[in-house]
Amino acid sequence: SAQNPTRPGFQTNEFADAQLQEIVKRLRERANVYKEKLNDPVISSPEGSPTASPKKPPPPPKEEKKDEKKEEKKEEAEAKPEEDHYCDMLCCKFKKPPVKKYMEYIKLPDTIDSYTDRRYVAWLMLVTIAYNWNCWFIPLRYVFPYQTPSNTIYWFVIDVMCDICYLCDLIIFQPRVRFIRGGDIISDRVETKKFYHSSVKFRLDVLSVFPFDILYFFFGFNPALRANRMLKHNTFFEFNDRLEAIMEKAYIYRVIRTTGYLLFILHINACLYYWASDYEGIGSTRWVYDGEGNMYLRCYYWAVRSLITIGGLAEPQTLFEIVFQLLNYFMGVFVFSSLIGQMRDVIGAATAGQNYFRSCVDNTVSYMNTYSIPKLVQNRVRTWYEYTWDSQGMLDESELLEQMPTKMQLAVAIDVNFAIVNKVDLFKASSFTGECGIPYRNLGCDTQMIYDMLLRLKSIVYLPGDFVCKKGEIGREMYIIKQGEVQVLGGPDGTKVLVTLRAGAVFGEISLLAAGGGNRRTANVVAHGFANLFILDKKTLNEILVNYPDSEKLLMKKAKVLLKQKGKPPPGPPPQQPRGLAGFFGQKQETPKLFKAMLGGKGKDGLAKLLQLKRQQETQVKTQKTEENKSKEKKQANKKTSKKEAQAETETKPKEEEKKPVEPPASSAPPAQKEKPNADAKPAVMQRTTSKGSLIISMTPSPRAGEGEILKVEIKEKEKK
């Protein structure tokens, strides 16, 4: 239609023509898609279809239906075993999960994240147990005669189990552990395997599982041939690091681990003492072990007294004994002092926060004592410190978050505070009605703006009875209750509890966007018990809204709507419907506003009152005129007497001046129309009567901007002929 010109006298509908062109375009696109599907069978279905052999002809439609039925039956047969797995035991029949689910759960992934995978930590614990078995019992079995031909088989079985753990860790787990290269996390199975094989840890692991046990056939069942099993120390230290990372109170494990180090060193020292006694001869001197009692406990007791340098031991006799004792003393001083220092560091790190809290409290108390702060205030300060520390474990949460990057701070703030902030009416999505009665749908503020606001929230703890805000003060903050309760007080004396707000409630949000420096608080808000509140001030919100102009406009609009909603009176009871015949008539229409203004309100007020005030003014003017006339007559009489006295005294003056007429003084009273009514005079009660005056109603603009026009009503009395 666009190419062919229209015939003269033939009219076309542009809208219908455009719709037809759009339909033709869509039909052509659909035809092209179907052509591509016919040419390429892969596109015709999302599932992969088997390629047809070129030799065999395509099956007829009946065979296709049969194949489809067979495939459906196979699918149903495969689905049934997964759904129905029952176990018959005695008279009970219960459902059990299939084995495939167990296998899928046990199946290891291609690569393992050593920092977050708990299964890997559990495996490391199993390998650590095997490593500790070798470290503790290989020296014990080599020195003490605890391994005998009668119990060799038991020792051998446990050794084989430990070797299996070592081999599984070497072949299955360690080649799957991810690593970091150039800031990237490498999760490729081939790359992780190459990285492990090129590391020193792989060489030590291979040496730790090297089968020196074959030499048992030549040298007998000697535990010293398994000493290479103690080379797998990297796995032991890796387990310590991973376990401390996932524990809530890692210092407890550090104390246990340090104590284990001390016990292991004493164990090695006891084994060395028994070896030295055996070398010198059991019971040969007073210094060596005499062969009485439990050999291990006796030697361990000697190792403790010697390594900790308690004293009270027998003096060494031979040169070997003297050298051995000296080396033992030197090693004991060094090792024991280092372990004691490590234990002090562990305990100090565990109680570092508590020590910081106590130092802050002590410094604050000393400051208050220096300046003679009242005891009541001091007790409140101590209560605030104690509650803040007990509730959140620190005095200022922002100090902990400042050490982390901004992204991590945001992630923590979202998990902790987003659910609370999202309850605020100003920020969440809502529907409201505008000024013209048109409903609006608000999709909420920008999510990124709310995220920025979460990082600016400040947490403050209020004690019982503390005023969160007072009536009459300028509101510049919004409060979100995180924990506790607050009470809104009102009434004549300000002690009546109007409402109690609990955790999750928000108040003061309108103050953030109110113009003219903020609106004033209308009631007192007091903390009922301990209350933890989030505070967002107006200055902080304005700094955030600079970067989000659309959200600023939306917030201003919602603030106006919320102000109107909160300013409306509470809904009263529904109006009663008229009974009887009154229900057939409509409700009485409201009096127009202009007529109300002219009448002035209710009853006998309004126009009658204006006439009454006008008559009062006339009576006051008449009384004033009579008084003025009386005062004039008195003044004229006084002047006549004064003139006679002046003529007697001044006879030299010419008679022309004496015969000169005396002008009456001008009346100082203003005209009756300009006379102001006496405000103190109480208006008399008058009956409604007819008046002989004219009513003048006029509208004049107000001298002040923004006040509109002023209605003026004047009553002008008709002139008497």
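Reader: What is the accessible surface of the protein chain, and what share of it belongs to carbon and sulfur atoms?

Author: In this predicted model, the accessible surface of the protein chain comes to about 52,600 Å². Carbon and sulfur atoms hold 58% of that surface. Of the 721 residues, 26% count as buried. The chain contains 23 helices and 14 strands. Among contacts with a separation of 6 or more, 66% join residues 24 or more positions apart.

Reader: What makes Thr152 buried rather than partly exposed?

Author: The cut-off for buried is under 20% relative accessible area. Thr152 has 19%, and therefore counts as buried. Thr152 lies in helix H6, residues 152-173. Not counting residues up to four places away in sequence, Thr152 touches Gln147 and Phe221.

Reader: How do you know that the side chain of Thr152 makes a polar contact with the backbone oxygen of Thr148?

Author: A polar contact requires a pair of N or O atoms within 3.5 Å.

Reader: Why is Asn228 called buried, and where is Asn228 placed?

Author: Asn228 has a relative accessible area of 10%, and buried means under 20%, so the term applies. Asn228 is placed in the loop between helix H9 (216-219) and helix H10 (233-246). Its side chain reaches the backbone oxygen of Leu207 at 2.7 Å. The side chain of Asn228 also makes a polar contact with the side chain of Arg229, at 2.9 Å. Beyond its neighbours within four places in sequence, Asn228 is in contact with Leu207, Ser208, Val209, Phe210 and Phe212.

Reader: Why is His197 described as partly exposed?

Author: The value for His197 is 36% relative accessibility. His197 is found in helix H7, residues 189-197. The C-alpha atoms of His197 and Leu170 are 10.0 Å apart in space, while the two residues are 27 apart in sequence.

Reader: What makes Ser372 exposed, and what is its phi?

Author: Exposed means over 50%, and Ser372 has 60% relative accessibility, so Ser372 counts as exposed. Its phi is positive, about 55°, although Ser372 is not a glycine. Most residues other than glycine have a negative phi. Ser372 sits in the loop between helix H14 (352-370) and helix H15 (375-392).

Reader: How do you know that the span of helix H12 is close to the expected one?

Author: The expected span is 1.5 Å times one less than the number of residues. Helix H12, residues 295-307, has 13 residues and reaches 18 Å from its first C-alpha to its last, close to the 18 Å expected. At the start of H12, a side-chain oxygen of Asn294 comes to within 3.1 Å of the backbone nitrogen of Tyr296. Just after H12, Thr309 takes a positive phi of about 55°.

Reader: Which residues of H12 are buried, and what covers them?

Author: The buried residues of H12 are Tyr296, Cys299, Tyr300, Trp302, Ala303, Arg305, Ser306 and Leu307. Their cover includes helix H5 (118-143), helix H11 (250-280) and helix H13 (319-350).

Reader: What makes a group of residues a nonpolar core, and which residues have the most contacts inside the largest one?

Author: Such a core joins buried residues of nonpolar kinds, including Val, Phe and Met, through side-chain atoms within 4.5 Å. The largest nonpolar core has 21 residues, and Val421, Phe427, Met449 and Met453 have the most contacts inside it. Helix H17 (406-421), helix H18 (447-454), strand E9 (477-490), strand E12 (524-537) and helix H19 (538-545) each supply at least two of its residues. The largest share, four residues, comes from H18. Another core, of 20 residues, lies apart from this one and has Ala270, Trp287, Tyr289 and Tyr296 among its members.

Reader: Where does UniProt place the feature "transmembrane region"?

Author: The unreviewed UniProt entry places this feature at residues 120-140, 152-173 and 255-275. In the model, residues 120-140 are 100% helix and 0% strand, with end C-alpha atoms 31 Å apart. Residues 255-275 are likewise 100% helix and 0% strand, and their end C-alpha atoms lie 31 Å apart.

Notes: Residues are numbered from 1 along each chain as its sequence is written. This is a predicted model: local features need pLDDT of at least 70, side-chain atom pairs count only at pLDDT 80 or more; totals for chains, interfaces and linings use all residues. Side-chain values use heavy atoms; hydrogens and water are left out. Buried means under 20% relative accessible area, exposed over 50%, partly exposed in between (1.4 Å probe, protein chains only). Contact means heavy atoms within 4.5 Å. Accessible areas come from the Shrake-Rupley method with a 1.4 Å probe; for residues, only the protein chains shown count as cover. A polar contact is a pair of N or O atoms within 3.5 Å; within protein, one must be able to donate a hydrogen and the other to accept it, and residues adjacent in sequence count only if both atoms are side-chain atoms. UniProt positions are given in the numbering used here, feature names are shortened, and annotations may be inferred rather than shown by experiment.
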